[in-house]
Amino acid sequence: MRASGTFTVKSFVPTELVPSPAVPTGVPVGVATMEKQFEGEIAGRSATLFTAAFDQATGVGTYLAMESFEGSLNGRHGAFNFAHSATTGGTDRSNEFFVLVPASGTGELAGITGGGGLTVEADGTHRIWFDYEIG
C-alpha cells in the first residue's frame with residue numbers, strides 16, 4: 001500500500017551534543033530535535049532525532065534522521081519509527097535511504113514494514129510517502 005502527504009516542521013532545536021572525542025573534519029557535525037506535523041493520507045505528528053554533517057555556507061552535507069510517528073496511514077491509527085538519510089551537494093539529493101523500522105508498529109499499524117521517501121519542492125512544500133505492508 002502507499003500513503004502520501006505533506007508535512008511542516010513545527011520546531012527545529014539544535015542541541016549541545018557533539019561527538020566525543022572531538023575529531024576535526026571539513027564539515028561540522030551537529031544534532032538537533034525536530035517536531036513535524038503531517039497532513040493527507042499520512043496524518044499525525046512525529047518527534048525526530050536529527051544528525052547532520054553539514055556546511056551552512058555551501059549547503060553541502062549529509063543528514064540522518066530517526067523519527068517516531070504517531071497518527072494514521074490511510075485511516076489506520078497507531079505509531080511506528082522510520083529512519084531516513086540523504087546527501088546534498090547544495091542543490092540536489094542523492095544517496096537516499098528510507099526504511100520503516102521493523103517491529104516498531106503499534107495499534108492498527110502493528111506489524112508495519114516497508115520504505116518510502118520524501119521530497120522538497122521548489123516552493124518549499126515537503127512531501128512524504130510510505131510504501132508499506134501490515135502483516
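The points below go through the pocket, side-chain pairs and backbone features of a predicted model.

1. Basis. Residues are numbered from 1 along each chain as its sequence is written, and side-chain values use heavy atoms, with hydrogens and water left out. The model is predicted, with local features requiring pLDDT of at least 70 and side-chain atom pairs counted only at pLDDT 80 or more, while totals for chains, interfaces and linings use all residues.

2. Largest pocket. Its volume is about 790 Å³. A pocket here is an open set of points on a 1 Å grid over the protein atoms alone, where a 1.4 Å probe fits, with protein on both sides within 12 Å along at least five of seven lines. Grid points are joined across faces, edges and corners, and the volume is the space filled by probe spheres set on the points. Lining residues have an atom within 4 Å of a point. There are 31 of them, and F12, F50, A52, F54 and Y63 are the closest to the centre of the pocket.

3. Composition of the lining. The lining residues of the largest pocket comprise 17 nonpolar, ten polar and four charged. In this scheme Ala, Val, Leu, Ile, Met, Phe, Trp, Tyr, Cys and Pro are nonpolar, Asp, Glu, Lys and Arg are charged, and the others, Gly among them, are polar. Strands β1 (2–14), β2, β3, β4, β5 (76–88) and β7 (112–120) each supply at least two residues of this lining. The most come from β2, which gives six. Strands are DSSP runs of E with at least two residues, numbered from the N terminus.

4. Aromatic pairs. The structure holds eleven of them. Rings of Phe, Tyr and Trp (its six-membered ring) pair if their centres lie within 6.5 Å; planes under 30 degrees apart are stacked, over 60 edge-to-face, and the rest tilted. For F80 and F82 the ring centres are 6.1 Å apart and the planes stand at 45°, so this pair is tilted. F80 is buried at 2% relative accessibility, and F82 is buried at 0%. Buried means under 20% relative accessible area, exposed over 50%, and partly exposed in between (1.4 Å probe, protein chains only). Both rings belong to one aromatic cluster formed by F7, F38, F69, F80, F82, F98 and F130.

5. E67 lies in strand β4 (residues 60–73) and K36 in strand β2 (residues 29–40), so the pair ties together parts that are 31 residues apart in sequence. E67 is buried, with a relative accessible area of 0%, and K36 is buried at 5%.

6. A further partner of E67. The side chain of S46 makes a polar contact of 2.7 Å with that of E67. A polar contact is a pair of N or O atoms within 3.5 Å; within protein, one must be able to donate a hydrogen and the other to accept it, and residues adjacent in sequence count only if both atoms are side-chain atoms. S46 lies in strand β3 and is buried at 3% relative accessibility.

7. R45 bridges to E70, with the closest N and O atoms 2.9 Å apart. This pair links R45 in strand β3 (residues 42–55) to E70 in strand β4, 25 residues apart. R45 is partly exposed at 45%, as is E70 at 43%. In the salt bridge of R93 with E96, the closest N and O atoms are 3.2 Å apart. R93 is partly exposed at 33% relative accessibility, and E96 is partly exposed at 48%.

8. Backbone features to inspect. Most residues other than glycine have a negative phi, and most peptide bonds are trans. The bond between S20 and P21 is cis, with omega about 5°; P21 sits in the loop between β1 and β2. N74, not a glycine, has a positive phi of about 50°. N74 is in the loop between β4 and β5 and is partly exposed at 31%. A103, also not a glycine, has a positive phi of about 70°. A103 is in the loop between β6 (94–100) and β7 and is exposed, with a relative accessible area of 80%.

Note on methods:
Helices (H or I, at least four residues) and strands (E, at least two) are DSSP runs, numbered from the N terminus. A salt bridge is a side-chain nitrogen of Lys or Arg within 4 Å of a carboxyl oxygen of Asp or Glu.
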